[in-house]
Amino acid sequence: MASPPPNFPFLFPAAQSSVLPEPSLFFSPPLLSTPLPTNSFFQNFTLKNGDVPEYIHPYLVKPSLSSLSLSYPSRFSNSAFLYQVFNADLTISAAAPPDHGPSSGRHVISSFGDLSVTLDFPDSNLRFFLVRGSPFLTCSVSRGTPITISTIHAILSLSSNSSLTRHTVKLNNNQTWIVYTSSPVNLAHDLSAITSAAYSGIIRIAVVPDGSRGPEYESVLDRFSSSYPVSGDASLSKPFCVEYKWQKRGWGDLLMLAHPLHLRLLSPDDCEISVLESFRYSSIDGDLVGVVGDSWVLKPDPVSVTWHSIRGIKEESYGEIVSALYRDVEGLNSAEITTNSSYFYGKLIARAARLILIAEEVCLLEVIPRIRQFLKETIEPWLDGTFNGNGFLYERKWGGIVTKQGSADSGADFGFGVYNDHHYHLGYFLYAIAVLAKIDPAWGRRYRPQAYSLMADFMNLGRRSNSSYPRLRCFDLYKLHSWAGGLTEFADGRNQESTSEAVNAYYSAALMGLAYGDSHLVTLGSTLTSMEIQAAQTWWHVRGGDSLYGEDFTRENRVVGVLWANKRDSGLWFAPPEWRECRLGIQLLPLLPITEVLFSDVEFARELVNWTYPALAREGVGEGWKGFVYALQAEYDREGALDRVRNLQGHDNGNSLSNLLWWIHSRVDEEGVGFKGGGKFCWFGHYCH
């Protein structure tokens, strides 16, 4: 086998960032030699003091100095937002042994995976296995350490079984908690704390979620209390398939909790599981339901990633699109670009790349050379490192791409330098690169190392120590969608605003796989695209009559603005809740063939447009945002949308009249094919069930 070239894999020039936090405060030394997660479910535990809660389903978990607090959260909601309320229901701590020298009391992350993180408190001889979806908090205590379990509530009673391994705690907030110990231990209590003598072994703690059905829940918890997970990971080894596997200890079957999208995707034919429908914990993400089994198989709906429209365009509609294409292509001039923002620049080049594919679809091949030249002039400086005022760099502290601007200013490029929004920015670049590599294979070969480096920044699957990027930087394999928020401490955990730009990132990666003949990249990109779409439809799209978010929020909202791990907000980062056209638009842009799958529910599209339309009467509404509203209207009212689009005076900087006309004219009914759900967008499934 030939040796790879000496610069393989390609890395952009080294960055000296002045804005990134120091990872060595919280990650154990062996982990520091590998790329580290920047958008993860436990990110708050790695930032500043590491003591802001994170939502480890079903509990909010908060590390502090030498202790860890957990909360089975209540929910506050109104018509504008809803969030889970943290109260330190129980706090587990242990005093440092007398022979222990001076120390920080800070937790250390000793390991992490897709579904778990392990926190060590070396000063206190405590190790917490935080495994997502476990109804139990599991803690390992070593070296004969006395334990304290305190509460902000009042302890009404503490009772233990005859073997002193099961202890029931009743609090004055109507909560009942059960503490399981792997060996007998005497517990004593006063009004606010439970204490033990010296103890070594496993402690498992679980709330009994429904007081009225307490005995039933307790019997389930008892039955599965002896089998505990210490870590969990997900495998993406097959197309449109995710397998969860937990490393467990103890004995018996493993009990975990599934959120609503898990339940929809679980494939009982492919794994030995049983669903306990009546065993439920409340969650902002919807009820978490008990599932018994050491591994799960999830199967999202397959989607076919295509360059062109799914339904096609009737030939009699070509003329109007061709006229718009001539005008839009005439307006391309790389010398007139004034932005050096990686986000807005990415949108501009992706907009131009769309024109090539639209031209292919309506057989206007004569304009393609001019667009190709524009793309080469605009993309190459970013890949060569010659772009004036910005560019891509590689930083080694966390392991990833940053921009020149972002390496010196944490607010530049929407926080790209602290790992915000990577999949958004890079997704647009990948789209433009994929299209250019498709029509100019020689160019594609020349810039393939840079293209793959951009892709790997947020889509690396490996965990090897010699990898340059962390595993799936933005994508959360438990929630099955991405997080945009990077290395910034947030009270409500990670967040994501635009699901459609996240879909664009993975879709564009799949297109790049098509351009390069890379079936692995096509498969991974398509699978992540499918899950991002189904998660958006589950948690961002709010249908009338839904019960997920409560009556007040559902009555006033048809789409979530910013979705946080622990909060749902109707506002956007850049606009108030009343600007409904922005809320619709940011969940729709960029307009692509895959948009048809994201908004495959035509009745919901109608609901969303009708909800948005009154906002268009407000003074100062941008023409670009109106264009996205009219585009979605075309799903059920093609002629009405067409009339409105023809009268627009401008377009979003990532959109064009050509693209809007292409979209509307491709809203044709295709005889014999009913497009009603994600799985129906896979042609193979129509013919080979």
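Good morning. In what follows, helices and strands are DSSP runs numbered from the N terminus, a strand being an E run of at least two residues and a helix an H or I run of at least four. The model before you is predicted.

Let me begin with the cis peptide bonds. For background, most peptide bonds are trans, and most residues other than glycine have a negative phi. The peptide bond from His57 to Pro58 is cis, and its omega is near 5 degrees. Pro58 sits in the loop that lies between strand 1, residues 54-56, and strand 2, residues 59-64. Another cis bond runs from Leu589 to Pro590, with omega near -5 degrees. In this case the proline, Pro590, belongs to the loop between helix 12 (580-586) and helix 13 (595-598).

A backbone feature of another kind concerns Cys363. Although Cys363 is not a glycine, its phi is positive, at about 60 degrees. Cys363 is placed in the loop between helix 4, residues 342-361, and helix 5, residues 368-384. I shall return to helix 4 presently.

I turn now to the strands. As a reminder, strands of a sheet pair through backbone hydrogen bonds, in either the parallel or the antiparallel sense. Strand 7, residues 108-112, and strand 8, residues 116-121, run antiparallel and are joined by 4 bridges. Together, strand 7 and strand 8 form a hairpin, with 3 residues between them. Within this pair, Phe112 stands opposite Val117 of strand 8.

The next element is an open sheet of 3 strands, in the order 16-17-21, with antiparallel pairing. Which strands stand at its edges? They are strand 16 (227-238) and strand 21 (295-298); each has a single partner strand, so one side of each is left without a neighbour in the sheet. From one strand to the next, the twist averages 15 degrees. Strand 17, residues 241-250, pairs with strand 21 over 4 bridges in the antiparallel sense.

Strand 19 and strand 20, residues 288-292, run antiparallel and are joined by 5 bridges. Tyr281 has Leu288 of strand 20 as its bridge partner.

In an unreviewed entry, UniProt places the feature "domain: Glycosyl hydrolase family 81 C-terminal" at residues 313-663. That span is 52% helix and 6% strand, and its end C-alpha atoms lie 9 Å apart.

My remaining remarks concern helix packing. Two packed helices are described by the angle between their axes and the distance between the axes. Consider helix 3, residues 318-330, and helix 17, residues 657-665: their axes come within 8 Å and cross at roughly 160 degrees. Are these helices roughly parallel or roughly antiparallel? Angles over 145 degrees count as roughly antiparallel, and helix 3 and helix 17 are therefore roughly antiparallel to each other. The crossing of helix 3 past helix 17 is left-handed. On the side of helix 3, the contact is made by Glu320, Ile321, Ala324, Leu325, Arg327 and Asp328; on the side of helix 17, by Leu657, Ser658, Leu661, Trp662 and His665. Sorted by class, this contact has 6 nonpolar, 3 charged and 2 polar residues.

Helix 17 also packs with helix 4. The axes of helix 4 and helix 17 come within 10 Å, crossing at roughly 45 degrees, which means that helix 4 is oblique to helix 17. Helix 4, too, passes helix 17 in a left-handed crossing. Arg354, Leu355, Ile358 and Glu361 of helix 4 meet Ser658, Asn659 and Trp662 of helix 17. By class, the contact of helix 4 with helix 17 comprises 3 nonpolar, 2 polar and 2 charged residues.

Thank you for your attention.

Technical notes: Residues numbered from 1 in each chain as written. Predicted model: local features only at pLDDT ≥ 70, side-chain atom pairs only at ≥ 80, totals over all residues. Heavy atoms only, no water. Axes fitted to C-alpha atoms, helices over the stretch in contact; angles between N-to-C directions. Parallel < 35°, antiparallel > 145°, perpendicular 65-115°, else oblique. Left-handed = near helix turned anticlockwise from the far one by under 90°. Contact = heavy atoms within 4.5 Å. Nonpolar A, V, L, I, M, F, W, Y, C, P; charged D, E, K, R; others polar. Pairing = 2+ DSSP bridges. UniProt positions renumbered as here; feature names shortened; annotations may be inferred.
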